[in-house]
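Please consider the following note on the ligand site and the pockets of the model shown here.

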Amino acid sequence: MSVQTPIKRLTAPDIAAKKGGEPIVSLTAYHAHTAAIADEHCDFLLVGDSLGMVMHGFESTLPVPLELMIIHGRAVMRGSSRALVVVDMPFGSYEESPQIAFRNAAEIIKETQVGAVKLEGGARMAETIHYLTERGIPVMAHIGLTPQSINVMGGFKVQGRAKEQWKLLEEDAKAVSKAGAFSVVLEAMPEALAKRITKLVPIPTIGIGAGKECDGQILVMEDMLGLSPWVPKFVKKFGAVGDAIEGAIGGYAKEVREGSFPAPEHTYAMKAPQKKVARKATRKR
Ligand code: KIV
């Protein structure tokens, strides 16, 4: 008898099948608690290597190690049950060769049980994307502004603003799609270019700073919640979580200092003393 349980989560093919349909909704997630909240609203959750900057205070995503992606990947899997979870392959874990990429992607999948990985790069990563997908690892590609290449790009710069750059980006999108990627993130590019790419490729495009013509959208959760101290132009703050945290912590500090917290309702009382029940002595004969 089989002990397999049916897959409850959305899968990479489920996301691919959403091309041209209702917009795909996704967010980054790094820990169990927020993943649990986002799970019912999102088609997929991305454990982005942006966690290096958002959660760990690095200036870029470059220092993020594989182990950190695995730790956060596990947490997001524990917190969610419905959305596909995708883990970013960090800088240095996949560029050298398809074989090294496979080894590291397989470690991510084995250790976290997520349903797909994401890696940055267009045509130059096509061979690797093909190698991974042929061996059972669904890949989400990422083109346009690729934060792991900031030292080559000269910073976090919008891509494709000049028409001459469009051809290369279109070729990138075609190459990753042909190589077997199940979707592609388009980061920081003019809407007109993202629209062209979306029409050009048969896989869903997921926009971040790429306008509304993509097949889906993604944002860094802390940015849209209003928790990040600085956000790029393309982010809309849907909440004011930073202000809420500030208010709550300020209130706590004030009450501790003035002695009004903890109040009696937050304090444990002693147990009432138990009445002693006299035991009958029984003797077996
Ligand atoms: O790391 C990340 O959060 C990402 C998104 C910006 C797409 O790659």
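1. The model is predicted: local features need pLDDT of at least 70, side-chain atom pairs count only at pLDDT 80 or more, and totals for chains, interfaces and linings use all residues. Residues are numbered from 1 along each chain as its sequence is written, and side-chain values use heavy atoms, with hydrogens and water left out.

2. Residues around the ligand (a heavy atom within 4 Å) include Thr-28, Gly-48, His-142 and Val-220. By class, this shell holds 4 nonpolar, 4 polar and 4 charged residues; Ala, Val, Leu, Ile, Met, Phe, Trp, Tyr, Cys and Pro count as nonpolar, Asp, Glu, Lys and Arg as charged, and the others, Gly among them, as polar.

3. Ligand oxygen atoms lie 2.5 Å from a side-chain N or O atom of Ser-50, 2.9 Å from one of Lys-118 and 3.1 Å from one of Asp-88. The protein buries 95% of the 260 Å² that the ligand exposes when taken alone (Shrake-Rupley method, 1.4 Å probe).

4. The ligand takes the space of the largest pocket, which holds about 940 Å³. Of its 36 lining residues, those closest to the centre are Glu-187, Asp-223, Trp-230, Pro-232 and Phe-234. The lining comprises 19 nonpolar, 7 polar and 10 charged residues.

5. The second largest pocket has a volume of about 440 Å³. Strand 1 (24-28) gives the largest share of its lining, 4 residues. The lining divides into 14 nonpolar, 6 polar and 1 charged.

6. A pocket here is an open set of points on a 1 Å grid over the protein atoms alone, with protein on both sides within 12 Å along at least five of seven lines; lining residues have an atom within 4 Å of a point.

Methods:
Polar contact = N/O pair within 3.5 Å; in protein donor to acceptor, adjacent residues only side chain to side chain. 1 Å grid on protein atoms, 1.4 Å probe; cavity = no way out; pocket = protein on both sides within 12 Å on 5 of 7 lines; lining within 4 Å. Sits in = over half its atoms within 2 Å of the grid points. Points joined across faces, edges and corners; volume = space filled by probe spheres on them. Helix = DSSP H or I, 4+ residues; strand = E, 2+ residues; numbered from the N terminus.
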